[in-house]
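Please open the model in a viewer and follow the stops below in order. Each stop names a selection and then describes what is found there.

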Amino acid sequence: MADQDVALMAHLLRRAGFGASRDEIEAKATQGYDATVQALLHPDDQPGVEDDLIMRYQPSYHEAAAIENNVQSWLYRMINSPRQLQEKVALFWHMIFCAGHSKIDSGQEMGIMIQMFRDHGMGSFRDLLLQLSLSPGMMYYLDNSESHKANLNENYGRELLELFSLGVGMDEAFNYSEDDVKVCARAFTGWNVAPAYPPFPYGRSPWEFRFDPADHDDSEKTFLGETGNWDGSDIIDIVCKQPATARFLARHMYNYFVADEPQIPAWRLTPPRDEAAIKMLEKTYFDSGYNIGAMLEVLFTSDFFKSEDVRYAKVKSPAEVVAGTLRLVGDHREIMPGLFEISQEPKYMGMDLMNPPTVEGWHTGREWIDSGTLVERINFASDYLGNTEMPGIKDIVNRLAAMGGSLTPADFVDGCLDLVGPLLVGNDTREELTAHAQKSGELSHGSDAERAEFTRRTGEMLQMIAATAEFQFG
Amino acid sequence: MVSTKKDPVLAVLSLSGGNDGLNTVIPRNSGLYRDFRPTLGIPEDQIIPINDELGFHPAMGPLKKFWDQGKLAIFLGIGYATPSYSHFRSMDIWHTCEPEIIGTEGWLGRAIKDFDPSGENVLTGVNFGRGLPRALVKDGVPVASVGNLETYGLLTGIDGESQRNEALDVFGRMYSPAVGRGAVLDYIHRTGTDALKGADILATAPDNYTSTVEYSNTAVGQYMKNIAQTHLAGFGTRVLYTTSPYNSFDTHANQGQLHSGLWSDVSNTVENFFDDLHEHDAADNVTLFMFTEFGRRVSDNGSGTDHGASGIAFAVGDHVKGGVYGEYPSLEPTQQEDGGNLKSSMDFRQVYTSILEDWLHLDASPIIGGKFEPVKFF
């Protein structure tokens, strides 16, 4: 198999999923790139996680009220779902359509919202925005439940336009006016949840969406230049027609799946890194009737995505660090104790899943890294990569041994870098790693003692690779 | 403004989960307290009297000693208007001083920035516990977050001291500051160098520490010991922060037993902590602040208590002017709000103002976002 096929497939599986073992990368590369993209784009044709086994061994995940169980159950799916893109897309929407447990105060509602992203995240963007506006968690999180015909609350109306669809502006112009925000909020009056919160005196029960016609402002409105007795779904129709929405989605997809862009508030004034790519995605948005899956298909099969220029051009999110490490080393590939502790790790690295810091979401790219989170990332990954009992690490040792009876330090380092990625590192990094390997000389694995030392040195080298700055990119 | 021999230091212990204020500082003569706490009310003869009206939970004996010495400030009815009953949101409000909008910067992150604007000392602020509390978050402020001081560092999973030291040497060289690798890589290299520097310095703290004090083996005991060790090591740390983990004060059920255990641990640990500092003649410049995100419902639920509003906070230290500050919120049913909660009578930012201005000698209003009448307790 050609090395470039493996490298490209590894890139696809890192971006359209949470990475993979070398066995899986090779198997997918054999099936072919386009076939793999098609399988990723059609999760319903693929087996899902084995829900019956989860119900048997981890019944606490089912309709769990506690946030911890919902986060754990999601991490389990990131690691184990054969429908990798579905989970990656759910995370994509969670990072844009931010709502958090800190206010919603119900793990179950958060779990329901993430499931909605799985179910609708690759279909029509119009349907997705409608589902979002019918989501009780979101209606509560952004105070639409406090927005009344006689007493307007603009929070959801504003964020729907600013953060969920049009964006503040593009090509230096603004995409909507303050009047549009008010009209948008008026159109969503009466879109409410029941039962009311705080849940005194009876305690918490699941929410449902409830439309209250008496509280809905049914009068004539002018929104983005169009006049009528608009309600929320009409607003969504008008929003979806706007070129700004196509731009917004295209830039978000590029930023999440292809390469780090500047932070979102800078987008009005900062042109995209790759204008041609954005244009291609915008065109697909309209040609396909707002279809997200169609945009993703164009993206993953494009030259700009396959280009070597965008490999490792993204700082991994904490979810990618944690799920990706476990997939590489092959731990928690079945239901077993200990996932609770691991599900807390993204939080230690600055990404409290299901609880984004604000409605604007996490700051991504280099802002994932500070002196606290970098220590957490390095120690988590290097502890796992140095554990030579892990199935994925045993496989790496076997593959290195198969390279020859005796390895030079330089070949050994290159082999390790290849098998954890293939990871691209700077020359100075490679020289430091090689100089370190040289101190103990060539590596053989003929005798049991040699094999044990070979294994030990592999674990040690992988630990140091996990500690490199380059390993922070995916 | 207080003057200390060495720069003033703030230690914070967050009692996460929502401590039941009503059973911590008890309105011991109130008939309503008895009415609302049929199961969880503390029997009169077990309450440790503070004054004619108030008393401590029976497990708080060690804290009573600080009270007797005039070194314990008790803040009654502390909270903020329009309470949130969510742990995380309410904690965020205490951390960011932003009750209206969702803030991203912490009040102590801003204080650290004022102490050390260019981030020269990577240990100006240190947190004990995993993950950085929002209180300490601010762009450009390096704060070490230490799960366990004994084992803190980079590449801690490498077996064998010499192997690990070699790996750390390689790490130091790989991350050695250089430019031209690209903006993001350069930034990560600088951050890695900072982290390594912080870890190297912190690692020396336990080695140089001896004490006759034995802390309890709980998370609170060990984290407070780590705070003492770091303070005694003299790294120039000004803010030391830790949290009683796992939302442990969230006593919805079985509160009688749980709450006793929690306060016994916290009270003993506070005593150990100050004994330790005094043993090393290092207490003069330390104030300890303890708070929780909210109090609990006035009525017990038969086994525990549910989320409530205003609560109790404490400050301890040689320069603290002992006393009871603020008013106990009324237990009268007509005075309760939102279905049975105590109304707060003091804004937490009044206490922060005093801590920042009188103790840390910083300008409070840019840090907490406004002017609040300080509670003068120094």
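Two packed helices are described by the angle between their axes and the distance between the axes. Here, axes are lines fitted to C-alpha atoms, for helices over the stretch in contact, and angles run from 0 to 180 degrees between N-to-C directions. The model on display is predicted.

**First stop: a helix pair in chain A**

Select α15(A) and α16(A), whose axes lie 8 Å apart and form an angle of about 150°. Are these two helices roughly parallel or roughly antiparallel? Angles over 145 degrees count as roughly antiparallel, and α15(A) and α16(A) are therefore roughly antiparallel to each other. Their crossing is right-handed. To see the contact, display A:Met280, A:Leu281, A:Thr284 and A:Tyr285 on α15(A), together with A:Ala294, A:Met295, A:Val298 and A:Leu299 on α16(A). By class, this contact comprises 7 nonpolar residues, 1 polar residue and no charged residues.

**Second stop: the loop joining that pair**

Now select A:Tyr290, in the loop between α15 (275-287) and α16 (292-301) of chain A. Phi of A:Tyr290 is near 70°, a positive value in a residue other than glycine. Is A:Tyr290 buried or exposed? A:Tyr290 counts as buried because it has 22 C-beta neighbours inside 10 Å.

Move to A:Leu224, in the loop between β5 (221-223) and β6 (226-228) of chain A. A:Leu224 is not a glycine, yet has a positive phi of about 45°. With 19 C-beta neighbours inside 10 Å, A:Leu224 counts as partly exposed.

Select A:Ala194 and A:Pro195; the peptide bond from the former to the latter is cis, with omega near -5°. A:Pro195 belongs to the loop between β3 (191-194) and β4 (208-211) of chain A. Next, select A:Gly421 and A:Pro422, which are also joined by a cis peptide bond, with omega about 5°. A:Pro422 is found in the loop between α23 (409-419) and α24 (427-438) of chain A.

**Final stop: where the chains meet**

Display both chains: 40 residues of chain B are in contact with 37 residues of chain A. On the side of chain B that touches chain A, the elements giving two or more residues are α3 (87-96), β7 (144-146), α5 (161-174) and α6 (183-207) of chain B. Which element gives the largest share of that side? The largest share, 10 residues, comes from α6(B). By class, the side of chain B that touches chain A has 21 nonpolar, 12 polar and 7 charged residues.

Note on methods:
Residues numbered from 1 in each chain as written. Chains lettered and ligands numbered in written order. Predicted model: local features only at pLDDT ≥ 70, side-chain atom pairs only at ≥ 80, totals over all residues. Helix = DSSP H or I, 4+ residues; strand = E, 2+ residues; numbered from the N terminus. Buried ≥ 20, exposed ≤ 12 C-beta atoms within 10 Å, placed from the backbone. Contact = placed C-beta atoms within 7 Å. Nonpolar A, V, L, I, M, F, W, Y, C, P; charged D, E, K, R; others polar. Parallel < 35°, antiparallel > 145°, perpendicular 65-115°, else oblique. Left-handed = near helix turned anticlockwise from the far one by under 90°.
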